[in-house]
Amino acid sequence: MIPLEYELALSALLFCIGLYGVLARKNGIIVLMSIEIMLNASVLNFIAFSSYTNDASGQVFALLAIAVAAAEAAVGLAVFLTIYQTHGTIELDKVRFLRW
Amino acid sequence: MIIGLVGRRTPEGGGYIAVGAIAASVAVSAYLFYEVLGMGMLGGQVVEEVAGFEWLPGLAPIEMNLLIDNLSALMLLLVSFLCLLIFVYSLGYMHLEEGKPRYYAEVSLFSAGMLGTVSADNFLQLMIFWEIMGLCSYLLIGYWYHKPEAAKAAKKAFLVTRVGDVLFLIGILVIWNEFGTLRFEEIAPQVGVLSPQLLTLIPLLLFGGAVGKSAQFPLHAWLPDAMEGPTTVSALIHAATMVKAGVYLTARSFIFLVPVVPGVEPPWIAILVIAVIGGFTALFAATMAVVNYDIKRVLAFSTISQLAYMFLGLGAGAYIMATQVSEGSAQVSTAGYSAALYHLFNHAFFKALMFLSAGSVIHAVHTNDMREMGGLGRHLPVTSKAMLFGALALAGIFPFSGFFSKGEILSVTVEAAADHPVFYALYALGLATAFLTAFYAFRMWYMTFRGDYRGHEHPHESPAVMTAPLVILAGFAIASGLLAYGMNGFGNLIFYEEPHAQMPLVGVPVLELGLEAASLGVSVLGILLAWSVYATKRIPAERFTATPGRAFVHKMLSHRYWIDDTYDALGAKVVYAFARASDWFDRNVIDGIVNAVGRGGMVSATATDVFDRQIVDGAVNALSLETVRTSWRLRQSQTGQVQSYAWVIVVGMAVIIALVFGISWFLRLQGGR
């Protein structure tokens, strides 16, 4: 049985990696992937506490979050695809045409 | 049972729902009738009270109850059965019309109103449903609301019946004031408390309502115009059901006309008024039917005339009953009462039959004018035979139903003449009416179905959904007479209402051969005259307008005795004078006040204007200017950079988390100390 602290530390590490990616990288696809990493970090938290408290509802939430994440990724990718087709770039510092 | 009664209020959708609902209520009504018949056969009486809810609680609560006695059971069965047939017929007749849901909703509401009227147990409830019927009548006459005549006729019907309804309402208020209750059977034993004047007044007020609803003189003017509605509506409302509500109400007011309390003098004057109005209207309306060319209007006048027969029967019957009661005789004859209701029953069938046949004819030739018909017997075989049955019943030819009931009413009138000579005159009127009735019924039939076709359409027989109800009704035009007679007279089915059932009653039908022969004879004479004028043309129709005197009579009848014109002129004069007075008052008094107020307003407005421009506007402008500046400044922070937004979120989260931890740490320090 892996202690709870280890799992939480891994989750926090994953979350920080994702956060770094979101804040520092320019490529939209990379940012999207980083968001997925952050999401998975929180899912990992759910699982960790689920096994720690012997309560199955955490796993249910995890499955739900994964399903939502899949949908979200699909929408995000579609958005970036459209942006690429209309503006020829997915560099986030250039994608600012919705500004007033 | 209540569900059954409420069931027909499902209005939406096409006619099938309406037909289904009404069929269900026919079943319920038939069951009820059977029950009542079973219990009330031969001298017994039955009253079924279904307690409803308390509608207006108070010192003397007004309740909504259902009253099922012999009278209302008969009416329920009659109304729901006719509604069913007419709804079925409507499926064919209204097939191509627009707004069918509206039509079915209105007729369904109407039949709910009628069934509610006949099953009400107090006057207020009766009045409520009565008014529902009035509303539906208005809506249905104006069904083709884009036709100005229809809209006008609807208004006329509504306003003219309103006159009667006001009298009815006053009557109810007087009853309430005197008795503190409106329920029929609570009133009946108490009529002794009334002064003779009030005892005369109350039934007259109620009769006023009946006159309006049943289109009796002088409130008859609305019914012929009501023929602007669809023919099914005329058949349902203006022949079979709604106009019968007046007769029903008068039958209910027998609790006043013939007091059940011993020693109370009956209101002779009220009874005579009812009988005289009935007798007079019968002849009056029949004469107007003779000259009309609109097939539906002929039927409308005929309806008025036949309803008048019922009032005559009720009046004469009430007179006989009242005489016998006040003389304390051992047996009380109900012949007039049962004859009138018997005629109501028969008339509902044969008049609905005639209206529906007329509808079928109109459906085929697309006109109401009999001058453009003729020779239709070849094209419309079923319709013409059905109409013939209806006309025979209306004319009162043996063995059709009209013969029995009309003959009985006339016999009762003669019997009443032994008590009061006025009834001899009324009998003469009734006999003359019988002659005219036969004449105009067959004038209509010959003009429509015999001779050469004078129109331009290509007539064709109506679909089966329309002819089937005709055939059923034609069967009833014969059977409803024989049926009831086979049961030893309609009188023994005792359709008098509950309070009187306590009396020692006999319901032997008055059937005197001489009188029957007289009424049959004049009917045959009338038919022969119609035959010789309109079928064989042996007597030219022009002879009736040959001399100036005769032409004048014809003109007078065509203009309905100028009564409608008089009403219009009178209404116009009175209303115009009132309007002139109002106008003067308006210009000189109200305008003066308004102008003064206006001038004061202008002065204060100038002052307000200055204040408004300088101070209010200044403040508003300053505020908006400042808003624009601030928003411009804030706009600079919106860079459009997704990642800078992300930074703001992260920093914000960090600050919030720091704050939460910091505050809880601080609080813990405080608590620990």
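Me: What percentage of the 100 residues of chain A count as buried?
Reply: Bear in mind that this is a predicted model. In chain A, 10% of the 100 residues count as buried.

Me: Okay, and how many helices and strands does the secondary structure of chain A come to?
Reply: Three helices and zero strands. Reading from the N terminus, you'd write the elements of chain A as α-α-α.

Me: Now chain B. How do I read the packing of two helices, say α16(B) and α18(B)?
Reply: Two packed helices are described by the angle between their axes and the distance between those axes. Here, helix α16 of chain B (residues 381-395) packs with helix α18 of chain B (residues 422-449) at about 170°, and their axes are 8 Å apart. An angle over 145 degrees counts as roughly antiparallel, so that's what α16(B) and α18(B) are to each other. Their crossing is left-handed.

Me: Which residues make that contact?
Reply: On the α16(B) side you'll find B:Ser384, B:Met387, B:Leu388, B:Ala391, B:Leu394 and B:Ala395. From α18(B) come B:Thr437, B:Ala438, B:Ala441, B:Phe442, B:Trp445 and B:Phe449. Sorted by type, the contact has ten nonpolar residues, two polar and no charged.

Me: And which residues have the most contacts inside the largest nonpolar core?
Reply: That core has 185 residues, and the ones with the most contacts inside it are B:Leu82, B:Ala352, B:Leu353, B:Phe442, B:Leu473 and B:Ala477. Helix α14 of chain B (residues 295-326) gives the most to this core, with 20 residues.

Me: Let's zoom in: what does B:Leu353 touch?
Reply: Leaving out residues up to four places away in sequence, B:Leu353 touches B:Ala386, B:Phe389, B:Gly390, B:Leu470, B:Leu473, B:Ala474 and B:Ala477.

Key: Residues are numbered from 1 along each chain as its sequence is written. Chains are lettered from A and ligands numbered from 1 in the order in which they are written. This is a predicted model: local features need pLDDT of at least 70, side-chain atom pairs count only at pLDDT 80 or more; totals for chains, interfaces and linings use all residues. Axes are lines fitted to C-alpha atoms, for helices over the stretch in contact, and angles run from 0 to 180 degrees between N-to-C directions. Helices (H or I, at least four residues) and strands (E, at least two) are DSSP runs, numbered from the N terminus. Angles under 35 degrees count as roughly parallel, over 145 as roughly antiparallel, 65 to 115 as roughly perpendicular and the rest as oblique. A crossing is left-handed if the near helix is turned anticlockwise from the far one by less than a right angle, and right-handed if clockwise. Two residues are in contact if their C-beta atoms, placed from the backbone, lie within 7 Å. Ala, Val, Leu, Ile, Met, Phe, Trp, Tyr, Cys and Pro count as nonpolar, Asp, Glu, Lys and Arg as charged, and the others, Gly among them, as polar. A residue is buried if 20 or more other C-beta atoms lie within 10 Å of its own, exposed if 12 or fewer, and partly exposed in between; C-beta atoms are placed from the backbone. A nonpolar core is a set of buried Ala, Val, Leu, Ile, Met, Phe, Trp, Tyr and Cys residues joined through C-beta atoms within 7 Å.
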